[in-house]
Amino acid sequence: MADRRKLAAGNWKMNGVAEHLAMVGALADSHGQARSEVLICPPATLVHRLAEAAQGTAIAVGGQDCHWEETGAHTGDTSAAMLADAGASYVIVGHSERRADHAEGDETVRAKTRAAWDAGLAAIVCVGETLAERKASNTIDIIGGQLAGSIPDQATGLNLVVAYEPVWAIGTGEVATPDQIGEVHDEIRRRLEKRFGPGVGRSVRIVYGGSVKPANAAEVFAVENVDGALVGGASLKAEDFGGIIEALDAS
């Protein structure tokens, strides 16, 4: 859809120290005129420095997680307001690694999404099924439940991105087939339109994540209702991430 600007979002996860900031300059030099929106979500320790490095470029900066409270006795946590103050404009919430490693359920993800919006950040809400759930033919039910439970009622095309990341394809080298991706993305679109109305439902970007690389990006981006990618390991190198951006621009 022409009014949904495509999004290439890099999730560095627990990778990156100061020397990796040079990648921002390299990416800006090679893909500063990309038609797609380019976003990098580094570790919290690098958000402010990356935002400074990205000043004057088209690269946006995001956080990888936030607490649902603005302030308080939450040792080791980072609030959405802190991320915004550091220069972020996005935050990822509900990533499967947070859901699994930190036992975060839909209610927690919903609270974090609301906190992100209150701080003026756009939330990238992640949903996805495990291999066991897919084998049991429960994918659509799982995704539908996560969407309903994780997204507050005030969603718009500006404050929400939905990322479909099948858990079994994250960091494994496995990629869902175009038919599998299309089935889930079409269902997400249908549910967004039903809940929020056609206007909002059609304006929310739906991106795919799960071992996206330059070699498979074009095939993924050719699928209907795929508005971009949430990229893990391939976003750590300007050359690899750049190849994904090029494929997205061409789609």
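User: Axes here are lines fitted to C-alpha atoms, for helices over the stretch in contact, with angles running from 0 to 180 degrees between N-to-C directions. At what angle do the axes of H10 and H11 cross?

Analyst: First, the ground rules: this is a predicted model, where local features need pLDDT of at least 70, side-chain atom pairs count only at pLDDT 80 or more, and totals for chains, interfaces and linings use all residues. Residues are numbered from 1 along each chain as its sequence is written, and side-chain values use heavy atoms, with hydrogens and water left out. Helices (H or I, at least four residues) and strands (E, at least two) are DSSP runs numbered from the N terminus. Helix H10 covers residues 214-221, its axis comes within 9 Å of that of H11, and the crossing angle is roughly 25 degrees.

User: Is H10 roughly parallel or roughly antiparallel to H11?

Analyst: The angle between the axes of H10 and H11 is roughly 25 degrees. The cut-offs are under 35 degrees for roughly parallel, over 145 for roughly antiparallel, 65 to 115 for roughly perpendicular, and oblique for the rest. So H10 and H11 come out as roughly parallel.

User: How many nonpolar residues does the contact of H10 with H11 have?

Analyst: On the H10 side you've got Pro214, Ala217, Ala218 and Phe221, which meet Asp240, Gly243, Ile244, Ala247 and Leu248 of H11 (contact means heavy atoms within 4.5 Å). For classes, Ala, Val, Leu, Ile, Met, Phe, Trp, Tyr, Cys and Pro count as nonpolar, Asp, Glu, Lys and Arg as charged, and the others, Gly among them, as polar. Next to one polar and one charged residue, the nonpolar count is seven.

User: Which hand does the crossing of H7 and H8 have, left or right?

Analyst: Helix H7 (residues 139-150) packs on helix H8 (residues 178-196) at about 40 degrees, with the axes 10 Å apart. That pair is therefore oblique. A crossing is left-handed if the near helix is turned anticlockwise from the far one by less than a right angle, and right-handed if clockwise. For H7 and H8, the crossing is right-handed.

User: And how many charged residues sit in the contact of H7 with H8?

Analyst: H7 brings Thr139, Ile140, Ile143, Gly144, Leu147 and Ala148, while H8 brings Glu183, Val184, Glu187, Ile188, Arg191 and Arg195. By class there are six nonpolar and two polar residues, and the charged ones number four.

User: H7 packs with H5 too; how many polar residues does that contact have?

Analyst: Helix H5 (residues 106-118) meets H7 at about 45 degrees with axes 7 Å apart, so the two are oblique. Asp106, Glu107, Val109, Arg110 and Thr113 of H5 touch Gly145, Gln146, Ala148, Gly149 and Ser150 of H7. With two nonpolar and three charged residues alongside, the polar count is five.

User: Is Lys13 buried or partly exposed?

Analyst: Lys13 sits in the loop between strand S1 (7-11) and helix H1 (22-31), with phi near 55 degrees, a positive value in a residue other than glycine. Leaving aside neighbours within four places, Lys13 contacts Cys41, Pro43, Gln64, His95, Glu97, Ile170 and Gly232. Buried means under 20% relative accessible area, exposed over 50%, and partly exposed in between (1.4 Å probe, protein chains only). At 22%, Lys13 is therefore partly exposed.

User: What about Arg134: buried or exposed?

Analyst: Arg134 belongs to helix H6 (residues 131-135). Outside four places in sequence, Arg134 is in contact with Glu129, Thr139, Tyr164, Trp168, Gln180 and Val184. Its relative accessibility is 18%, so Arg134 counts as buried.
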